[in-house]
Each structure stands twice: as C-alpha cells, then as structure tokens.
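Hi,

Here is the structure I promised to pass on. My notes follow below it.

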Amino acid sequence: MLDSLGGKTALVTGAGQGMGRAIAVEMARHGASAVAVADRNAQTAVLTAESVRAAGAKSEVIVSDLRVRDDIGTMVTRAAERFDGLDVLVDNAGVIESTVTTDHDRAVDSLSEEVWDAVYEVNLKAAWLTTKFAAPYLRRSLRGPAIVNAVDLSPVRCNCFCPGVIDTPLARGHFAAGEDRDSREREMTAPQLVDRLGRPEEVARLACFLASDSAAFITGAAYVIDGGALAWRGVKG
Ligand SMILES: NC(=O)c1ccc[n+]([C@@H]2O[C@H](COP(=O)([O-])OP(=O)(O)OC[C@H]3O[C@@H](n4cnc5c(N)ncnc54)[C@H](O)[C@@H]3O)[C@@H](O)[C@H]2O)c1
C-alpha cells in the first residue's frame, strides 16, 4: 500500500461515482485511515464505501443533498465526529446542464432558471458552504490539513484540479445527449495531445498528491489535468 496520506481522515463529496469514487478509493490506497463517502445517491455511495474498506480504510456513507444547506452542515459534522476530526476535504460533487435537464437548448436566453440554480448551487455555493462548515475541523487538524478546491484558509492548504474530459457517467451522459455520441466524444478529445479520455483514477492520484504532505509547499494552485488540451489549443491558435 502507498502511504502518502498516512493516517489522514477525509471527506469526499459526490463520491458515489465518477471521479469522486476514484478519489475516495485512491485515498484509501494511499494510506488514509478513514474516508467519508458523501453523495445524494445512497446506493452508489454504499458501493464506493465497500471499495474504500476493501482498500484498507474505514468508511462512512453520508447521504446528503448539497442543494440543502442543513444537509451540508450535517454531512460535515457527521464525518468529523465519526472519525474524530477531519484532515482532508475534497469538494468534488458537481453537475452540468445535461445532468439536470434533457433539454438540448441551453442558450443563455433559453436556459431555464431551474437549471441555472442547480448548477450554481451544487458547483459553487455548496463547495463554499462545505468548506465553511469544515473549516473549524480542518484548522484543528494536526495532520497537515488540506482542501482540494477553494482558497483562503491558511495554514490549511487549498488547491484545485481542473479536469479536461474524464470518462465518468457525467461525461458519458454529455456525449449521449448529442445527436451522434461518437462524434461528440471525438470532438471533445480532438484538442488534446493525449488522444483518449482521461481516467478517473488519474485525477484521483492528482487529488491524493495535493492532499498529501508531499505537496506541503503547494497552496493556492490550480492543476490542469486535460491531456494537454489547454496548452495545445494555445499553440494551434
Ligand atoms: N467528467 C468530466 O469530463 C469533467 C470535466 C470537468 C469537470 N468535471 C467536474 O468534476 C466533478 C466530478 O465529475 P464526474 O464526471 O465524476 O461527475 P459524475 O456525475 O459522474 O459524479 C458526480 C457525483 O456527484 C453527485 N451529486 C451531484 N449532485 C449532487 C447533490 N446535489 N448532492 C450530493 N451529491 C451530488 C452525484 O450523485 C454523483 O455521484 C464535477 O464537479 C464535474 O462538474 C467533470
């Protein structure tokens, strides 16, 4: 077993599938002592928690809807109380328009307010609220506390990863929402230098590194993990 997260306790949101699941399991593989698996989907969260335990860490399923303020508070408190503190927070959960609507028309003047609210509340407000509620626990941590996503809690280190196209249910749903699934996938990976979809485990290993003491001098940084798409777009103009 790898040990870069030796003994740390972590809370991962949106850990029922996709990158969140990969991050939770990878953290256990990297020596985390406990990983709280938070998601609104209880069934998928249970499966993740089983994989976390199989990888050697304790785990707790916390079912919460990040659009509900009280759920967020309860989620953080439960994770911290169950594992006697919190060292690592990963604000991973997120949605895109195709997660919340089948309506293909998402132009700025026709997008519904409900879709806007869902994306804003889950992707932005919930990440802030989760960090806000977790802050007192992270500040008390004596095991190199770290957040993956957000800034401004020094000495708690805060870094984020910026994924390109990663092979998760979210991305697959997005491809399927187009007229031709394969051409949509090709179109989205075309600007990359690495000619394939990213793997959730690859993002998870970056998240583990950022949460670990190996990254002790790294804070306030954003790590692009996109197969070179951003850099290559710049070169192509
Ligand atoms: N997959 C990609 O290509 C890609 C690219 C860029 C950014 N992202 C972002 O990365 C993050 C993870 O993406 P993914 O592809 O693994 O997504 P995913 O849809 O496969 O998984 C997201 C998880 O978040 C949970 N979730 C969604 N809304 C929630 C809510 N209100 N309350 C609690 N849990 C909720 C879902 O149940 C799901 O388990 C998201 O923030 C996404 O926007 C993904």
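**Ligand shell and helix α1**

The ligand is surrounded by 28 residues, and the closest are Gly14, Gly18, Gly94, Thr168 and Leu170 (a residue counts as near when its C-beta atom, placed from the backbone, lies within 6 Å of the molecule). Two elements give two or more residues to that shell: α1 (18-29) and α6 (169-176). Helices here are DSSP runs of H or I with at least four residues, numbered from the N terminus.

Before you go on: this is a predicted model, where local features need pLDDT of at least 70, side-chain atom pairs count only at pLDDT 80 or more, and totals for chains, interfaces and linings use all residues. Residues are numbered from 1 along each chain as its sequence is written.

Now for the packing of α1. Its axis and that of helix α8 (residues 200-211) come within 8 Å and cross at roughly 55 degrees; axes are lines fitted to C-alpha atoms over the stretch in contact, with angles from 0 to 180 degrees between N-to-C directions. That makes α1 oblique to α8 (under 35 degrees is roughly parallel, over 145 roughly antiparallel, 65 to 115 roughly perpendicular, and the rest oblique). On the α1 side, Gly18, Met19, Ala22, Ile23, Glu26 and Met27 meet α8 residues including Pro200, Val203 and Arg205, contact being C-beta atoms, placed from the backbone, within 7 Å.

With helix α2 (residues 42-54), the α1 axis also comes within 8 Å, crossing at roughly 20 degrees. α1 and α2 are therefore roughly parallel to each other. Arg21, Ala24, Val25 and Ala28 of α1 make this contact with Thr48, Ser51 and Val52 of α2.

Cheers

Note on methods
Two residues are in contact if their C-beta atoms, placed from the backbone, lie within 7 Å.
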